[in-house]
Structures are given as structure tokens and as C-alpha cells.
Amino acid sequence: MTFAELANPGILTQPVYEAGKPIDQVARELGLDPAGIIKLASNENPFGPSPKALAAAERALREAHLYPDGGYYALRHKLAEKWSLGMDQFIIGDGSNEIIELLGHAFLAPGRECVMFQSSFVVYKLVTIMFGATTVEVPLTDMRQDLKALAAAVTPRTRLVFLASPANPVGASNTGAEIVELVRALPPHAILVFDEAYAEYVENAPDLRPLIAEGRKVICLRTFSKVYGLASLRVGYGYGAAELIAIVQRARQPFNVNAIAVAAAVAALDDHEFVAKCLRENRAGLAQLEAGLTKLGVGFVPGTGNFLLAKVGDGTRVFGGLQQRGIITRPVKPYGLPEWLRLTVGTHAQNERLLGALAEVLRG
Ligand SMILES: *Cc1c(COP(=O)(O)O)cnc(C)c1O
């Protein structure tokens, strides 16, 4: 018998996540100097980690021989204060991606459905398929997310409804009023998974805590990978009703997040100066990219996060051309968007370099 014959049903056809290409890999493949390559492919923070987080991580490293506090008291305590919620309303994940998987363990099985938009964050679909549940995809409307259409796709079999605002990779956002209306329209057997990965970048981002307080079925997901600059450490969190969180906690490994990452996350929450700087620079960078793209005659979805979706024509060709010039971006053909590229907002200098290279590639 082969290993393939021994494998569980479904695992051989499970789609594989395609990440943004690492700098070292591009350097190897193209024979380029890694020092000259910039990565604007994965919506990482171009200003690095928060310095306070870095110092805390270095201190925590000296305790590397001890298991982490598997209850993550310090981080949940800090989050409870920040959001004026109970500590029992928070779950800490190995990135918010892990919490999506934990929701699958808790709520998905064959015969159950997950509703999401087409071209939404691919992890929603990967987790749905992994648990043998069925993906129900709702088309976008002119690159916008019509939440009435999302609600209309819910059936008696729906368990999870995935929504991100701003959405990745599309960049579209929804208003708080639209989301409240969606949640009120959901039947009691459907849970909204509201992915707030880019919420820090948005002024007046929707606040779903009142919906949680009134007992609506919602879980919100946040990450330290974006504005806090800790993508490599893998920390995220979810918050919702204590009863819901207690169920999801059962699916979690006892020490799912390492103590270095958690120490960094706790310190990052206090580094208001760093976050303010990143938000300021990001806003300026978005404006810079939008102006540059407009000048090049390249269409884009106006962004509110730290990235833009740009309509470059042949996404694969332009991606390749930029990569030859040492700039890694993200082709979104696997998301059904072959004419588009996702561009992460970099530093001022990186954005200039991107726009210059893009002008060359589009001319060529
Ligand atoms: C980046 C991102 C996340 C965060 O993933 P982590 O696992 O926390 O690094 C979640 N959702 C979306 C839509 C994202 O773009």
C-alpha cells in the first residue's frame, strides 16, 4: 500500500496555500542580491517590528527553557482592558489563521456550509475544505462586497459566514451599519467570522462589541502580523461571547503560541507611538501609490488597509517584470483576478521604486 492509499479522504485534493515569495527564494531563483530585493507581497509592515515588542521578545528568549503560560494571562488581561471585555472573551492563536482553523474544528463537518465572497482570503476556503464542509461563494459586485447578497446565500446548513473589512486581497470595506444589518439578518445557526486583520488602519472601523453584548453570533479576529509588525512571530486573537470562546478553546493545543511571540504582542499593544507612526506613513504611502498609479493610467480599488489592488492588465507578466527588478508583489490570479496585482504599501522610497519599475514594465 502506498502512503497516498493510506491517507485520509480529502487530504490529497486539499488545495495548498500559496504564500508571497520569500526574498531569499527570489534571490536564488533569479540570481539577485537579496539585499536589493523588496517584498511588497504579503502586507507586512515595512517599518519592522515595534521596538518595544522587539525588546520584550529578547527578554522572553532568555526564558526559552520554560513552557509558555498556556492560558496567556498577560495578553488576554491586556486585551480585556483595551477592549473593555472579559478575559474569558479572548482566545489567542498562532496567527489569526489558526483561529480560523479552530473554528473549523469546533463548527465544521461534511454537510455544513460556509458562506464567503468570491476572491476573499483563501484561508476561509482552505479550512472549509479541510473539514469536508461546503464552500458557498458569493460574487463581488464591481469589486464591492454586497452584504445583502452574502446574507441571501445562507441556508439551513450554514455554520460560518466569513467577512473581512477591509477585504484582502480586494481591498473593499463595508460600513458598520451594513455589518449590523447583516448580523441581524443571520439565522441563529450561522456565526459571522468578522476578520479585522486591517481594522487598525481604518478610521472609524466597525465595532461589533455591541452585537456581541446583545448575544448575536459573532466572532472577531485580529492579528499582530500587520500594523504591529510581528508577522514572523505568529500571534493573533479572537473575541466574542464567553460561551463561544470556551468552545473554540477546546480545539486549541495547550501551548499553541510561543512565549516570545506573546511577550512581543503584549509590549506591542503599548507602543502607541510606533503604531501612530505606521498609520501616518501608511496613509501617506497609500496616497503616493494612488497618485502614481493614476499617473500611469493604472486602475485600482481605493484602499483603506496597507495594500492596493491594481489593474495592471496581464498580472502574471507584470509580476514577473517587477520581480526581475527586485520587487516582489502578489499576483492574484489564484483568486480569479488575473488582471490584477496586489501591492503592499511600503516605505516612501520603496513605493517610489515600485512605481518606477511598474512604469518600465508597463512600457515594455
Ligand atoms: C494577514 C491576514 C490575516 C492574519 O493572518 P495571521 O495568521 O494573523 O498572520 C488574517 N486575515 C486576513 C484577511 C489577512 O490578510
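A residue counts as buried when its relative accessible area is under 20%. The views below are taken from a predicted model.

**View 1. Ile99, a buried residue of helix H5**. Ile99 lies in helix H5. Its relative accessibility is 0%, so Ile99 counts as buried. Beyond the residues up to four places away in sequence, Ile99 touches Ile91, Ile92 and Gly93, together with Leu221, Gly236, Tyr237 and Gly238. Tyr237 is 138 residues from Ile99 along the chain, and the C-alpha atoms of the two are separated by 7.3 Å.

**View 2. Packing of helix H5 on helix H6**. Helix H5 spans residues 96–107 and helix H6 spans residues 122–130; their axes are 9 Å apart and meet at an angle of about 30°. H5 is therefore roughly parallel to H6, as angles under 35 degrees are classed this way. The crossing of H5 past H6 is right-handed. On the H5 side the contact is made by Asn97, Ile100, Glu101 and Gly104, and on the H6 side by Val123, Tyr124 and Val127. Sorted by class, the residues of this contact between H5 and H6 are four nonpolar, two polar and one charged. An α-helix has 3.6 residues a turn, so residues three or four places apart point the same way.

View 3. With a relative accessible area of 0%, Thr158 is buried. The side chain of Thr158 reaches the backbone nitrogen of Thr155 at a distance of 2.8 Å. Apart from neighbours within four places in sequence, the residues in contact with Thr158 are Glu113, Val115, Ala153, His189 and Ala190.

**View 4. The buried residues of helix H13 and the elements they pack against**. Helix H13 runs over residues 315–324, and its buried residues are Gly315, Val318, Phe319, Gly321, Leu322 and Gln323. Gly326 follows H13 and has a positive phi, near 80°.

Methods
Residues are numbered from 1 along each chain as its sequence is written. This is a predicted model: local features need pLDDT of at least 70, side-chain atom pairs count only at pLDDT 80 or more; totals for chains, interfaces and linings use all residues. Side-chain values use heavy atoms; hydrogens and water are left out. Axes are lines fitted to C-alpha atoms, for helices over the stretch in contact, and angles run from 0 to 180 degrees between N-to-C directions. Helices (H or I, at least four residues) and strands (E, at least two) are DSSP runs, numbered from the N terminus. Angles under 35 degrees count as roughly parallel, over 145 as roughly antiparallel, 65 to 115 as roughly perpendicular and the rest as oblique. A crossing is left-handed if the near helix is turned anticlockwise from the far one by less than a right angle, and right-handed if clockwise. Contact means heavy atoms within 4.5 Å. Ala, Val, Leu, Ile, Met, Phe, Trp, Tyr, Cys and Pro count as nonpolar, Asp, Glu, Lys and Arg as charged, and the others, Gly among them, as polar. Buried means under 20% relative accessible area, exposed over 50%, partly exposed in between (1.4 Å probe, protein chains only). A polar contact is a pair of N or O atoms within 3.5 Å; within protein, one must be able to donate a hydrogen and the other to accept it, and residues adjacent in sequence count only if both atoms are side-chain atoms.
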